Amino acid sequence: MGTLEGFIRRLPKAELHLHIEGSLEPELMFALAERNGIAIPYASVEDVRAAYAFSNLQDFLDIYYAGAGVLQTEADFRDLAMAYFERAAADGVVHAEIMFDPQTHTDRGITFGAVIEGLLAAMTEAEARLGITSLLILSFLRHLSEAAAFETLAMAEPWLERIAAVGLDSSELGHPPAKFARVFAAARAKGLKLTAHAGEEGPPAYVHEALDVLGVERIDHGNRALEDPALVARLAAEGMTLTVCPLSNLKLCVVDDLAAHPIDRMLVAGLKVTVNSDDPAYFGGYVADNYRAVAEARGLTRADLVQLAKNSITGCFLPPDEVARHLAAIDAVAHD
Ligand code: ADE
Ligand code: ZN
């Protein structure tokens, strides 16, 4: 039967909630700082890790945006994404839908082209060398204005064929989804798919808004939907995918303890939940670590893990033939 760890790694999985900037490990941060002649406020890798103690989302975001300052060139973005793909491949990820935050970079003078061309180069290499497919999700920073989001969408125009979806991230409280209703409508009109962070720190009303005003096809996080039974029933009935991130929830104090994580309650409620890493370099684990941590903390069965892996595949933005191929591969491992 093998170990739980081995079973998790063998299960083919999609990662649907990953911020590429959040995969910047301290070692690479130091290497890029040196390569680019950029000063960082840390003396050592241990010093960086010690700074990663957060009491809420904003605490984390302040450090995360500062860390991204070492990313300067197309090669930096390629190296960043390649490092993620290597870790993901080792975890049994067969497909990744990667969020990137262009405004974090364009606002400090890096071109949109340098960011996306670097990511695309890594995506091509990852498919050829590691067999991982991937799609890009352009995420708007919700603490910035609607006008700034429109400018970002305009910058993306030459690369629209290479972008699968738009997303919405950053400081949730005080920045409800409706602030971006028009830019999401514009993205939809361009043929992009839609997803948004909602219900991480924000109330259930933000999840309703993401569904009704933005018309998203996935909810990133969605934990606080559990406070609203009618919303839970609706999400379950619609088969809406929730991209849950257990170690992120722990590190950002969305839950006090993994032993109190609602993942199994979500499964029992019929929600299409998936397990993801969010910002693995900051939260202490990649996707397999998240599966293992929550499986141990909540006593998930192998059948639960298979369900989570299948949800990640049926919740992804790949065409039906590729979804069917990955589901068959999961069944082959499950019945080993
Ligand atoms: N940006 C990166 N990670 C995020 C998260 N968990 N919530 C909101 N914005 C983010
Ligand atoms: Zn996130």
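E227 lies in the loop between β6 (218-221) and α11 (229-238), where helices (H or I, at least four residues) and strands (E, at least two) are DSSP runs numbered from the N terminus. This is a predicted model in which local features need pLDDT of at least 70 and side-chain atom pairs count only at pLDDT 80 or more, while totals for chains, interfaces and linings use all residues. Residues are numbered from 1 along each chain as its sequence is written, chains are lettered from A and ligands numbered from 1 in the order in which they are written, and side-chain values use heavy atoms, with hydrogens and water left out.

Two pairs of residues involve E227, as the table shows.

| Pair | Relation | Distance |
|---|---|---|
| E227 and R224 | polar contact of the side chains | 2.7 Å |
| E227 and P203 | C-alpha to C-alpha, 24 residues apart in sequence | 8.4 Å |

A polar contact is a pair of N or O atoms within 3.5 Å; within protein, one must be able to donate a hydrogen and the other to accept it, and residues adjacent in sequence count only if both atoms are side-chain atoms.

The zinc ion (ligand 2) is coordinated by H17 (NE2), H19 (NE2), H197 (NE2) and D278 (OD), at 2.0 to 2.3 Å; donors are N, O and S atoms within 2.8 Å of the metal (3.2 Å for Na, K and Ca), and sites may look incomplete because water is not among the atoms. Along the chain, these donors follow the spacing H-x1-H-x177-H-x80-D. H17, in strand β1 (residues 13-19), and D278, in the loop between β8 (272-275) and α14 (280-283), are 261 residues apart, so that the pair links distant parts of the chain. Both H17 and D278 are buried, meaning under 20% relative accessible area, with exposed over 50% and partly exposed in between (1.4 Å probe, protein chains only).
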